[in-house]
Each structure stands twice: as structure tokens, then as C-alpha cells.
Amino acid sequence: MGLFRRVKTIILADLHELVDQWEDPVALTKQYLRELQEQIETAQRSIAQQMALEQRYASLIAHVKTMIEKRTRQAKLALERNEEAIAKLALREKLMYEKKLSAYQQQYETLQEKTTYMSEQLNKLYEKYEELSAKQWELHARANAAKTIKDINTTLASFHPEQALRGFARMEERVFALEAEANASRRFLESAHAFPSTIDEEVETELAKWKEAQAKNA
């Protein structure tokens, strides 16, 4: 069962040590799953060979049983006919087939036990593969989160808020200056527009005074 020992070694390997030596832990888990998949495929082929061998032995056992029954009938028939030599020959072959049957059955049972064990181990590999596939997605998400946090911390470490505050203060002063210039220009325009109407009013007032004085003198 060297195959399953190797698979077990892979499954129980210390991933943390490998992760420390590998820049991308997500890529490592993908490689790990690929290796496990290869071991599963190898196990599947081995089990298929075992099952084919089982079928071969099952056929041999069926054939031997048929021959035992046939030689038994032949031996009985020969004895009934007093053909002792033929009866002995049939019995000899019957005994040989019975020994073969015993050996084949033992080998067949051993094969069945091995196939059952290998199938159980393969099912465990399937379960482990599904478990690790789900774990891979979790590690992928955690790795992305860790990288994002690291990038944010790096940005914060290189960020100097006092420089930004001074920059914003300068921009605010500049905005104040622009607003002051805008207000000054607005007042100037209002004064310029108001000047003609003020003169006209003064002219009308002065004219009214003159008319009033002229009327008194008349």
C-alpha cells in the first residue's frame, strides 16, 4: 500500500513551512490539489486493475467448479460401468481441480479484501479532495484580504497627514482669495451701474430747485 502512504504523506505535509518558502500561497494550494488529483487518478487505475483481476479469478472459479462437477459425473458413470481406470483418471482430475478451486478462492478473497480497502481509501481521498478544494477558496479569500490590508498599511505608513493638511490649508487660502476677488469685482460692477442713476437723480433735484427759484422771482 505504498501508494496510499505517499498520499497520506502529501495530505499531512506541513504546508506552513512550504508557504514561507513560496511567494504565492494560493498557487501552492493549487499545485497541492493537482498532486492529490494525480494520486487519486493513480488509485483509480489500481482499483480498476484489481477489479479486472477479481473478475478473472471469478471466471476461473466458475470454470473449475464446472470441471469438478463434470469429472464427478464421469467418475460415477465409469464406476457404474466398471471402468475403474477411467474412474481413477476422472477422480484424479477432480481432486486437482478441487485444489485449484481452494487456491483460487483464497486468492479471490484476498483480492476482494484489498479492493475493498483500496476503495475505502479512495473514498477518503475524494472526501479530502473536496474538503481541501473548499479550503483553497477560503485561503484564497484570506490571502487577498491579507494582501489588501498590507497594501493599506503600507500606504498609511508612507502617508504624512501634516503635509496634506498644509496643502489643504494653502488651497483654502487660495479659495478665500478667489472669493474675495469675486466679491470685490461684484461690488465694483454694482457701483458702476449705480453711478448714472445717482447723477440723474441729482440733476433732477437740482433742476427742481432752479424751477422753484425761478417761480419765486417771477
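This passage walks through the fold of a predicted model and a few of its side-chain pairings.

Of its 218 residues, 19% count as buried. The accessible surface comes to about 17,100 Å², and carbon and sulfur atoms hold 57% of that. Among contacts with a separation of 6 or more, 80% are between residues 24 or more positions apart.

L139 and T29 sit 110 residues apart in sequence, yet their C-alpha atoms are 8.5 Å apart in space. Neighbours within four places aside, L139 is in contact with V26 and T29. With 30% relative accessibility, L139 counts as partly exposed.

Turning to charged pairs, the count comes to seven salt bridges. One of them joins the side chains of E93 and R71, at 2.2 Å from N to O. This pair links distant parts of the chain, with E93 in helix α4 and R71 in helix α3 (residues 25-80), 22 residues apart. R71 counts as buried because its relative accessibility is 13%, under the 20% cut-off, whereas E93, at 26%, is partly exposed.

K94 and E98 meet at 2.5 Å, N to O, and lie four residues apart, about one turn of the helix. K135 and E138 pair up at 3.4 Å, N to O; they are three residues apart in helix α4, again about one helical turn. Salt bridges with shared partners join K135, E138 and R142 into one network.

Note on methods
Residues are numbered from 1 along each chain as its sequence is written. This is a predicted model: local features need pLDDT of at least 70, side-chain atom pairs count only at pLDDT 80 or more; totals for chains, interfaces and linings use all residues. Side-chain values use heavy atoms; hydrogens and water are left out. Buried means under 20% relative accessible area, exposed over 50%, partly exposed in between (1.4 Å probe, protein chains only). Contact means heavy atoms within 4.5 Å. Accessible areas come from the Shrake-Rupley method with a 1.4 Å probe; for residues, only the protein chains shown count as cover. A salt bridge is a side-chain nitrogen of Lys or Arg within 4 Å of a carboxyl oxygen of Asp or Glu. Helices (H or I, at least four residues) and strands (E, at least two) are DSSP runs, numbered from the N terminus.
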